[in-house]
Amino acid sequence: MLLPPSLEELISKTHAVRVVGSVIDQIDIGSLADTYKGGGTSSYHPRMLLKVLVYAYLNNIYSSRKIEAAIQENIHFMWLAGMKRPDHHTVNRFRAQRLKNHIKEVFSQVVLLLMEAGHVDLKAVYTDGTKIEANANKYTFVWAKSIATNKKKMKAQLEELWNYTQGVAAEELQGDDPGEMEELDPKKVAQTIDAINAALKDKKIDPKTKQKLSYAKRNWPDNVRKYKMQESILGERGSYSKTDRGATFMRMKDDHMGNGQLKAGYNVQWSTQNQFIIHYSLHQDTTDTKTLIPHYKELQAQLGKLPQAAVVRRMAELWLGAELRILGRRGRGGFCEVQLLPP
């Protein structure tokens, strides 16, 4: 050890770390590099950080602190980092702020490299999916049906109060008739309640109606605003989790006791060929009936063309419609091959 060996000598020519370094050296990260404004102190190069992150994930290392330790202790990480030592804050900021919106582009470029090398030809791909549980509290849920029910009850109670006031003080009553409201609006609800209160100001009314009016004035306008906000988050979904608004409540796989569980999660679809994952997509739909077409449209946008055919579950023929043509069954497990027709 009079002349200490270099890292290059210590790492075998066939080691996976060299594959990671070689592949990422070949892809274009211009859009990722553009997220750096320049100026100030020098930054770690995004290509180096991307290599370190990919290799860490390849070795099931996800903690930024463990990645920092590996860069300082593991010769493979040292070789990838060029002996630079980014700390865990740098690693975390890179993947959370810089890489987050560009990871799909990086993935697609790797698939294109596989196509150029002849490992993937997109003649026939296999597509399937699964539901992945979100890191969300399963008790903090919002349901679209519950919002619709609450709004319906509120409108019915508001109409009941309006009709009661018409019977007691029809001449004094002013404001918008809740029966004519096509959609509950916070301002109109508040105006209607104020009109009812003004009409009943000097009238003798029963305590229950008085208590209901007091509750309505304090809560209903704010509740309508809350429902509107929740509906904007829901979109076309039936539910979402308050602690992860992107997650939808789905029926997960049965547990070890054979019980189905309803938990917040995502529907993940992926397509493979020759044991390579060539595309993946994340969906908020609870079933696969609405995910296959968007999945392949996204694949076409990422790779520039559609596969000639796809092998999917046989149930797909019930809902794919005219966009895909069934060619025949293949293999076991209820799978069939379909031809992908360009739009």
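Student: At what angle do α8 and helix α12 pack, and how far apart are their axes?

Tutor: In this predicted model, α8 and helix α12 (residues 292-303) pack at about 70 degrees with their axes 9 Å apart. Axes here are lines fitted to C-alpha atoms, for helices over the stretch in contact, and angles run from 0 to 180 degrees between N-to-C directions. Helices (H or I, at least four residues) and strands (E, at least two) are DSSP runs, numbered from the N terminus.

Student: Parallel or perpendicular, then?

Tutor: α8 and α12 are roughly perpendicular to each other. The cut-offs are under 35 degrees for roughly parallel, over 145 for roughly antiparallel, 65 to 115 for roughly perpendicular, and oblique for the rest.

Student: Which residues meet there?

Tutor: Lys104, Glu105, Ser108, Val111 and Leu112 in α8 meet Glu298, Gln302 and Leu303 in α12. Contact means heavy atoms within 4.5 Å. By class, this contact of α8 with α12 has 3 nonpolar, 2 polar and 3 charged residues. Ala, Val, Leu, Ile, Met, Phe, Trp, Tyr, Cys and Pro count as nonpolar, Asp, Glu, Lys and Arg as charged, and the others, Gly among them, as polar.

Student: Which residues of α8 are buried?

Tutor: The buried residues of α8 are Lys104, Val106, Ser108, Gln109, Val111, Leu113, Leu114 and Met115. Buried means under 20% relative accessible area, exposed over 50%, and partly exposed in between (1.4 Å probe, protein chains only). The cover over the buried residues of α8 includes α2, α4, β6 and α12.

Student: What span should α8 have?

Tutor: The 15 residues of α8 should span 21 Å at 1.5 Å a residue, and its end C-alpha atoms are 21 Å apart, which agrees. The expected span is 1.5 Å times one less than the number of residues. Just after α8, Gly118 has a positive phi of about 85 degrees.

Student: You listed α4 as cover. Where does α4 cross α7, and at what angle?

Tutor: The axes of helix α4 (residues 46-58) and helix α7 (residues 88-98) come within 11 Å and cross at roughly 95 degrees. α4 and α7 are therefore roughly perpendicular to each other. On the α4 side the contact is made by Pro46, Leu49, Leu50, Leu53 and Tyr57, and on the α7 side by Thr90, Val91, Phe94 and Arg95. By class, the contact of α4 with α7 has 7 nonpolar, 1 polar and 1 charged residues.

Student: Which α4 residues are buried, and what covers them?

Tutor: In α4, Pro46, Met48, Leu49, Leu50, Lys51, Val52, Leu53, Tyr55 and Ala56 are buried. Their cover includes α2 (16-26), α3 (30-33), α5 (64-73), α6 (75-81), α7 and α8 (103-117). α4 is followed by Asn60, whose phi is positive, near 60 degrees.

Student: Switching topic: where is Ile193, and what is it in contact with?

Tutor: Ile193 lies in helix α10 (residues 186-199) and is buried, with a relative accessible area of 1%. Leaving aside neighbours within four places in sequence, Ile193 is in contact with Leu158, Leu213, Ala216, Lys217 and Trp220. Ile193 and Ser214 are 21 residues apart in sequence and 9.3 Å apart in space, C-alpha to C-alpha.

Student: And where is Thr286?

Tutor: Thr286 lies in the loop between β6 and α12 and is partly exposed, with a relative accessible area of 35%. Apart from neighbours within four places in sequence, Thr286 is in contact with Lys131, Thr248, Phe249, Met250 and Asn267.

Student: How many helices and strands overall?

Tutor: The protein has 12 helices and 9 strands. Of its 343 residues, 38% count as buried.

Student: What are the ground rules for these values?

Tutor: Residues are numbered from 1 along each chain as its sequence is written, and side-chain values use heavy atoms, with hydrogens and water left out. Local features need pLDDT of at least 70 and side-chain atom pairs count only at pLDDT 80 or more, while totals for chains, interfaces and linings use all residues.
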